Protein chains: 2
Amino acid sequence: MLMQKAALSLKKAAERVVNTKWNLTPLPLRLERPVPSDIRIARSQQPKNILELASEIGLQPNEVSPYGTTKAKISLSVLDRLQGEKNAKYVIVVGITPTPLGEGKSTTLVGLAQALNVYKGVNAFATLRQPSQGPTFGIKGGAAGGGYAQVIPMEEFNLHLTGDFHALTAANNLLAAQLDARMFHEATQKDSVLYDRLVPTIKGTRRFSDIQLRRLHRLGINKTDPNALTDEERARFAKLDIDPERVIWTRVLDTNDRYLRKITIGQSSTEKGICRETSFKITVASELMAILALARNLQDFKRRIGSMVVAFNREGNPVTADDLGVTGALMVLLKDAIQPNLMQTLEGSPVLVHAGPFANIAHGCSSILADKLALKLAGEDGYVLTEGGFGSDIGMEKLLNIKCRTSGDIPDCVVLVTTIRALKMHGGGPAVTPGAPLKPEYTRENLELVQRGLPNLTKHISNGNKFGLPVVVCINSFETDTEAEIRLVKDEALRTGAFGAAVSTHWAEGGAGAADLAELVMDACEEENNFKFLYNLDASLDEKIQIISREMYGAKNVLYTPEVTQKMKMYEEKGYGNLPICMAKTAASLTGDPSIKGAPTGFDLKINDVSLSAGAGFVVPIVGEISTMPGLPTRPAIYDIDINTESGEIEGLF
Amino acid sequence: MLMQKAALSLKKAAERVVNTKWNLTPLPLRLERPVPSDIRIARSQQPKNILELASEIGLQPNEVSPYGTTKAKISLSVLDRLQGEKNAKYVIVVGITPTPLGEGKSTTLVGLAQALNVYKGVNAFATLRQPSQGPTFGIKGGAAGGGYAQVIPMEEFNLHLTGDFHALTAANNLLAAQLDARMFHEATQKDSVLYDRLVPTIKGTRRFSDIQLRRLHRLGINKTDPNALTDEERARFAKLDIDPERVIWTRVLDTNDRYLRKITIGQSSTEKGICRETSFKITVASELMAILALARNLQDFKRRIGSMVVAFNREGNPVTADDLGVTGALMVLLKDAIQPNLMQTLEGSPVLVHAGPFANIAHGCSSILADKLALKLAGEDGYVLTEGGFGSDIGMEKLLNIKCRTSGDIPDCVVLVTTIRALKMHGGGPAVTPGAPLKPEYTRENLELVQRGLPNLTKHISNGNKFGLPVVVCINSFETDTEAEIRLVKDEALRTGAFGAAVSTHWAEGGAGAADLAELVMDACEEENNFKFLYNLDASLDEKIQIISREMYGAKNVLYTPEVTQKMKMYEEKGYGNLPICMAKTAASLTGDPSIKGAPTGFDLKINDVSLSAGAGFVVPIVGEISTMPGLPTRPAIYDIDINTESGEIEGLF
């Protein structure tokens, strides 16, 4: 009986010393050709009971909360237990500028983890972002990797998982509801009545709650007896005086709902005409998502939530989540979401799935806490593999300058994933469109297109080197790639600064196909590296944006609208000038224009807007037009998705 | 080690015969006076590992998916395994017309379950509604029962539970997004382009998906080759032609967000000016919630989802969820939500928590599937206790006429919960307001107020008797109740048709305090009953509404607006005339006016609107003004809610 066996081995794990070589039972692959669909491969494998996997990697029973038999939440108390242990090697997986089909970054990460665990005999923990559920029902395609390098069960990975995103949606929207309700109550009540309602007399006594005392403290009112405040102090305390034109906070849904991109709310007669324009974003774009990903511990999580700036008041001063009284309520809604989720790869090695902001509109990394757990559990001789979304310009830059700066965990090596297909596109190949068949340029040898596309690869190699990190190029193999094409890429990679380059066939062969890559990665991690951040925090916002744009993208000039310049000035005046930068930029180009391929230089980068994420701890310049709410196409994937009411199996999801 | 022990006993359970007397280990109570806060009582009890409880009640290991150690999802396959077994007795718990504080219906249900299990030595399963998370952050108060009769852990019960409501929100809003996206795509594309996009040629072949074939079938087009359709057939297939003025479906959130009561969507330039007015409801008001509660099995669940009428087209014909292509996608999103959730009472007896529509605006019952599971698991000599929301006029009427008619499971007895407090209010006592101290009329003996309030009780007794069911009155005891007050109520209850009446002190004493009530309930269940529905389905919609209004509320005339009359006529023409009725009416009065207490007769009942829930399978007349989206007060409970970042414990939630 699986469950009993799992419980017993979990008990054994508790008794032995953790943080040594794992006693991992690999799940054997039965490779088929041609490679079947992702869902068919995933279904053909029986995952280990998650309690069994937890015990294999040294987790103790009280640290694991199963959600069914294939997912579990992992307690943050593991970090306390293992605080004396040394960290594993830390490897980040990024890509070149991708085609719209993606170049297999997650697939490579999973394949590499399988290779290290099963074929190199070392501990390797993959940490992945949780995918957004909205796009799952829009255009087909999961985010669990693919082929023989995926996370299983892939439908669990791609749907609700353990509910973290739903909790984020609920928390985000509770804050929004409280914000609008508060504006309404302030507009319809006298300050004195407002005060009496906010600090009511209950059974003869009147007291401030803790969160109200914090607001008093910020206002410089050092009184604790609600009756002792002067009328002026009562008004200052009670009235947030939010400027309806300068509300930052928006509602979110994890649904591709284009009709919520711009809406007017408050039109019911019960709201007495106090309506305003606002929008919904997709949940992954919520600042709370970034905070979940960037929190170092529970205290830090709370501090960041409380300090989120949700609006400015009519005097131009920031109004925070703490001012609205919601910090604790949001923490309560997110108390389970803060625990990373354990799953497994197709070959039975461990994966932590946690947080998942889009890398174009947000910082785009899985959580610091998941990485910290994995670094301790994999231990000194092990490896932790994590990813930055899209190309190095987007995902890696933010991973290093934001996530690693926050966590203090410095990577040992960069794996840069490329495909012959993407290089051909950068070399001037025809458009690559999801759903449409690939043009012959992509399925037949074309050395000229590859050659002309190489500058994109070398730019990304140089981006990694600029941080002082060794870069291992992974050529994610397609059956149509030719020897000559591959040789061209390998030679150029080595000539232009890569530590090494390997072809990897994990999609078709699982971990075995990534063994060469694994070897290279292990060698690269032995190199001494000279890691340095790209910019210092004490540079001005403008300087930091300039450095990223020039060094990572190849831009010459950064152009700001007058409104952006003015907002950045205001952020600096209000004390937010020393935050890192989280660029929101298309992932489809090194420039701000998704149609421009290759590796152009000397271009202008236009910043159309800028926003503040004070809790997450960054300033977000918006390059060009970026939508924070996707839509559904005329024929979304929902037309194929069904459940077999006899077998209970999902059909048509991927 | 709890987990190991649980796994072992679950294995044993698999070996023995199920459906006999459970081997339940009671959790002992340590009663304190005065009775501490709900959360303190809940925290003072260590729940059994949920796998242990599952084994005690005869569940097999593969039927139980734990979500942590205190909650588990139960597989519907149990129904197949136990299909030959006889059902337990079926008891429904309802109330008189309540004060705004509630009269302890859930508390009584839990206390009664504890009494039957622990003090009467019979199997008793409680089935409860999952509370809405929105109000949890509005006005303090949980829905897990209270005092020494509650479900634990109460914070898990009151927050995300296992994510069912979040899944419903996601499913509801995916449908809404697809509806608006489809209207947009139809408005901006020619019919032929629309058709080609809906039925694309992929790798040289063109085929309809199953859901598209179903639409073709409904349109009477018996072709399966997409290329064989005529232009006219292509246009009919592709164009839903939804009338923007007659969209029924709305978005939902499980948040008290008054600013979403009426909104305008689609105002971004990307939507090209095609905007419209709509609203958000609270998630529990979604038709999908009613369907989750009313589905008899997976097939029935799917059929109901597909047949939801989401809008009418410009010709006045219904457009369904299946026409929008979303049935399967919604099923996939709800595949876990359809499984009931196992938890436990403070004394360690089993509770299934599943679905939770509001009883005023929806039918207000927990799920049929949870009850069916409980009826089999408790077995022939056992008891299943379930509740109808609010008073018998609201919750019980709908429980019997809708839920029991759908399930085919007929109750054996009604428990009618009353308090001296509520009777005094009905007798003319001063207003009872949440948060404010009770007036002295309620805390000192006042026989006159009780006497004058008794007609409300007798009306509810007679309501139960009208269905042919024995009614057991439970006087939910308060310390301030006097002997004389209680005698008055008991005598009147017995004189006016109650099977029996008992004082119950479960709030202060747990199951022991409900032993007398349990005795009476067991006796009542031995009575032969003459159950009959209040109306036949083949009566007209008007006749059915008349019967409910006269028989249950005491109304004389039902008044419809012309629009309502016209809509009802249209529903009957479209084939929805034989559905049962789901009245949306205030719970605070037998009439449509919440300020009218007691048991008035001869009044007029105004129906201001009517709506169709074709998938749930009922027609909803709206009595007076009923809001489907609550708001947050000036000082919501969030000001007190926090998490202790050291201990991880929630503070201030209840």
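A:Leu488 is partly exposed, with 23% relative accessible area; buried means under 20%, exposed over 50% and partly exposed in between, judged with a 1.4 Å probe on protein chains only. This is a predicted model, in which local features need pLDDT of at least 70 and side-chain atom pairs count only at pLDDT 80 or more, while totals for chains, interfaces and linings use all residues. Residues are numbered from 1 along each chain as its sequence is written, chains are lettered from A and ligands numbered from 1 in the order in which they are written, and side-chain values use heavy atoms, with hydrogens and water left out.

**Around A:Leu488**

- You can find A:Leu488 in helix 20 of chain A, which spans residues 483-495; helices here are DSSP runs of H or I with at least four residues, strands are runs of E with at least two, and both are numbered from the N terminus.
- Apart from neighbours within four places in sequence, A:Leu488 has contacts with A:Leu447, A:Val450, A:Gln451 and A:Leu454, where contact means heavy atoms within 4.5 Å.
- Between the C-alpha atoms of A:Leu488 and A:Ala293 there are 38 Å, and the two residues are 195 apart along the chain.

**Chain A as a whole**

- Chain A is built with 24 helices and 26 strands.
- Its C-alpha atoms fill a box of roughly 80 × 60 × 55 Å along the principal axes.
- Of the 654 residues in chain A, 65% count as buried.
- Looking at contacts in chain A between residues at least 6 apart in sequence, 76% join residues at least 24 apart.

**Cavities**

- There are 12 cavities of 30 Å³ or more; on a 1 Å grid over the protein atoms alone, a cavity is a set of points where a 1.4 Å probe fits but cannot get out, and lining residues have an atom within 4 Å of a point.
- The largest cavity holds about 260 Å³ of space, a volume being the space filled by probe spheres set on grid points that are joined across faces, edges and corners.
- Its lining has 25 residues, and those nearest the centre are A:Thr162, A:Gly163, B:Tyr67, B:Thr162 and B:Gly163.
- Strand 2 (71-74) and helix 8 (164-188) of chain A, along with strand 2 (71-74) and helix 8 (164-188) of chain B, each give two or more residues to the lining of the largest cavity.
- The second largest cavity holds about 170 Å³ of space.
- A:His166, A:Thr169, B:His166, B:Thr169 and B:Leu253 are the closest to its centre among the 14 residues that line the second largest cavity.
- Helix 8 of chain A gives the most to the lining of the second largest cavity, with four residues.

**Cysteines**

- The structure holds zero disulfides over all chains, a disulfide being a pair of cysteine sulfur atoms within 2.5 Å.
- A:Cys365 is in no disulfide, and its nearest cysteine sulfur, in A:Cys404, is 7.6 Å away.
- With a relative accessible area of 0%, A:Cys365 is buried.
- In chain B, the sulfur of B:Cys525 is 4.5 Å from the closest cysteine sulfur, that of B:Cys413, which is too far for a bond.
- B:Cys525 also counts as buried, at 1% relative accessibility.

Technical notes
1 Å grid on protein atoms, 1.4 Å probe; cavity = no way out; pocket = protein on both sides within 12 Å on 5 of 7 lines; lining within 4 Å.
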